[in-house]
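Me: I'm new to this structure and would like to know where its labels come from. Could you take me through them?

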Amino acid sequence: MKRLFCIFLVLCTALLAACAPTVTTPDEVYTTRLEPVDTPTDFVQIELKNGGIIVIELYPDIAPITVENFKKLVGEHFYDGIIFHRVVQGFMVQAGDPEGTGFGGSGEPIIGEFGSNGISNPLRHERGVVSMARQLHDNNTASSQFFIMHETKSNLDGDYAAFGRVIAGMETVDWIAAQPVNGNDKPLDDITMKEVRFVNP
């Protein structure tokens with residue numbers, strides 16, 4: 001009887017482990033760094049202070065105004081030293097606010113290039129897609145804040161201006177998403193973009 005009870009406990013433990021959600025906590029970030037170039041390209045490399053790398057491909061044919069604005073800010077080195085101020089595992093990681101609070105920006109809002117604002121944008125909010133953050137009730141308030149999708153969220157399609165995709169370094173995005181945060185989804189330890197530059201993959 002004791003043997004049967006032990007077997008039962010083992011089976012229950014295995015079943016609970018199988019049903020438990022999988023939480024990935026990467027031990028390492030992607031660190032293959034490309035040499036930056038001075039001439040603007042459709043590829044941007046985000047280098048974190050810890051050496052983590054994220055490479056983004058921009059889509060000017062899908063969101064020309066958004067891409068032009070993003071390139072302008074990259075060219076001005078606007079993003080250097082700015083933190084990821086909002087991190088929601090299973091959703092997205094957000095950066096681009098010079099104040100680090102979620103309420104700042106570049107001071108130059110742009111038109112929201114998405115369906116509910118009357119502008120076609122077929123890029124879906126899938127894992128790795130890059131999109132612009134904005135005020136909830138004003139379509140034309142995006143300026144510098146952007147977010148990278150950690151997981152696919154189709155409910156954002158048509159309401160936010162997706163304009164690029166991560167082509168290298170999703171391991172780094174996964175690492176960011178796994179960091180502990182406070183009640184406002186801000187990482188307990190700053191995750192800082194050391195340098196954001198144009199590259200040629």
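Reply: Contact here means heavy atoms within 4.5 Å. Leaving aside neighbours within four places in sequence, T192 is in contact with E47, L48, K49, G81, I82 and I83. This is a predicted model, where local features need pLDDT of at least 70, side-chain atom pairs count only at pLDDT 80 or more, and totals for chains, interfaces and linings use all residues. Residues are numbered from 1 along each chain as its sequence is written, and side-chain values use heavy atoms, with hydrogens and water left out.

Me: Why is T192 called buried?

Reply: Buried means under 20% relative accessible area, exposed over 50%, and partly exposed in between (1.4 Å probe, protein chains only). T192 has 11%, so it counts as buried.

Me: What makes a space a cavity and not a pocket?

Reply: On a 1 Å grid over the protein atoms alone, a cavity is a set of points where a 1.4 Å probe fits but cannot get out, while a pocket is an open set with protein on both sides within 12 Å along at least five of seven lines. Lining residues have an atom within 4 Å of a point. Grid points are joined across faces, edges and corners, and a volume is the space filled by probe spheres set on the points. The search finds one cavity of 30 Å³ or more. The largest cavity holds about 50 Å³, and its lining includes T66, F114 and Y160.

Me: How big is the largest pocket, and which residues are closest to its centre?

Reply: The largest pocket has a volume of about 650 Å³. Among its 24 lining residues, Q94, G102, A133, R134 and Q145 are the closest to the centre.
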